[in-house]
Amino acid sequence: MHQKLTDRKRFSKNRIIRDTLNFNSTGYDNTANGSSALYFNTSGTSNVAVGKNTLYNNNGSLASYNTAIGNKALFNTTNSQYNTALGYIAGANYDNGYNNVFVGANVDVNRAGYYNLIAIVNGTICTASSLVPLVNAAA
């Protein structure tokens, strides 16, 4: 058995597959599948990370209810909630706010803290909260 899985209390109610949830202490109901998925998660709950380095930096008391599917999806999201990312490095470059949806490769925002946005075209970069852009370089 992998050394990190021996402390059952530390990993109760989590699904762990291959070098994931390495720093988990109080987080629960998380699912991580992929090398280094949810790697720095300590207390976030009810997150789903599928793919290498998904939700990698997820950490903090509010780091919960996020879903990331695709290599590096939501990579730098730290203390954010209710974000969904589907695609290669979708929503990966900044700490996202809350209630955001990223669908497509390289879909992201241009700074941290945005909320209530939906970005659905490969390469779209959102520049404000409460947007639903359907073209690249949304303003």
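Predicted model: local features only at pLDDT ≥ 70, side-chain atom pairs only at ≥ 80, totals over all residues.
Reader: Is Asn83 buried or exposed?

Author: The relative accessible area tells us how to sort a residue, and anything under 20% counts as buried. At 0% relative accessibility, Asn83 therefore counts as buried. Leaving out residues up to four places away in sequence, Asn83 touches Tyr65, Asn66, Thr67, Leu74 and Thr77, and also Asn96, Gly97, Tyr98, Asn99 and Asn100.

Reader: How many helices and strands does the protein chain have?

Author: The protein chain has 0 helices and 9 strands, and along the sequence these give the pattern β-β-β-β-β-β-β-β-β. Buried residues account for 42% of the 139 residues in the chain. The accessible surface of the chain is about 6700 Å², and 54% of that surface belongs to carbon and sulfur atoms.

Reader: What percentage of the contacts between residues at least 6 apart in sequence join residues at least 24 apart?

Author: Among those contacts in the protein chain, the share that joins residues at least 24 apart comes to 0%.

Reader: Which residues have the most contacts inside the largest nonpolar core?

Author: The general idea is that in soluble globular proteins nonpolar side chains tend to be buried together. In this structure the largest nonpolar core has 19 residues, and Phe102 and Leu117 are the ones with the most contacts inside it. If we set aside neighbours within four places in sequence, Leu117 is in contact with Asn99, Asn100, Val101, Phe102 and Val109, and likewise with Cys126, Ala128, Ser130 and Leu131.

Reader: Which residues make the nonpolar surface patch of about 410 Å²?

Author: That patch is made by Tyr65, Tyr82, Tyr98 and Tyr115. One of these, Tyr82, lies in the loop between β4 and β5, and at 44% relative accessibility Tyr82 counts as partly exposed.

Reader: What kind of pair do the rings of Tyr98 and Tyr115 form, stacked or edge-to-face?

Author: The centres of the rings of Tyr98 and Tyr115 are 5.2 Å apart and their planes are at 10°, so the pair is stacked. Because Tyr98 lies in the loop between β5 (84-86) and β6 (101-103) and Tyr115 in the loop between β7 and β8, the pair ties together parts that are 17 residues apart in sequence. Tyr98 is partly exposed, with a relative accessible area of 39%, and Tyr115 is partly exposed as well, with a value of 32%.

Reader: Which residues do ring pairs link into a cluster?

Author: The cluster linked by ring pairs consists of Phe23, Tyr39, Phe40, Tyr56 and Phe75.

Reader: Where is Ala105 found, and which residues does Ala105 touch when those up to four places away in sequence are not counted?

Author: Ala105 is found in the loop between β6 and β7, and at 23% relative accessibility Ala105 counts as partly exposed. With residues up to four places away in sequence not counted, Ala105 touches Tyr88, Asn122 and Gly123. The C-alpha atoms of Ala105 and Ala73 are separated by 9.1 Å, while these two residues are 32 residues apart along the chain.

Reader: What is the phi of Asn106?

Author: Asn106 has a positive phi of about 60°, although Asn106 is not a glycine. Asn106 lies in the loop between β6 and β7, and at 37% relative accessibility Asn106 counts as partly exposed.

Notes:
Residues numbered from 1 in each chain as written. Heavy atoms only, no water. Patch = residues over 30% accessible without salt bridge, like charges linked within 9 Å, V, L, I, M, F, W, Y side chains within 5 Å. Areas by Shrake-Rupley, 256 points an atom, 1.4 Å probe, with all protein chains shown as cover. Salt bridge = Lys/Arg side-chain N within 4 Å of Asp/Glu carboxyl O. Core = buried A, V, L, I, M, F, W, Y, C linked by side-chain atoms within 4.5 Å. Buried < 20%, exposed > 50% of the residue type's maximum accessible area, 1.4 Å probe, protein only. Contact = heavy atoms within 4.5 Å. Helix = DSSP H or I, 4+ residues; strand = E, 2+ residues; numbered from the N terminus. Phe/Tyr/Trp six-rings, centres within 6.5 Å; stacked < 30°, edge-to-face > 60°.
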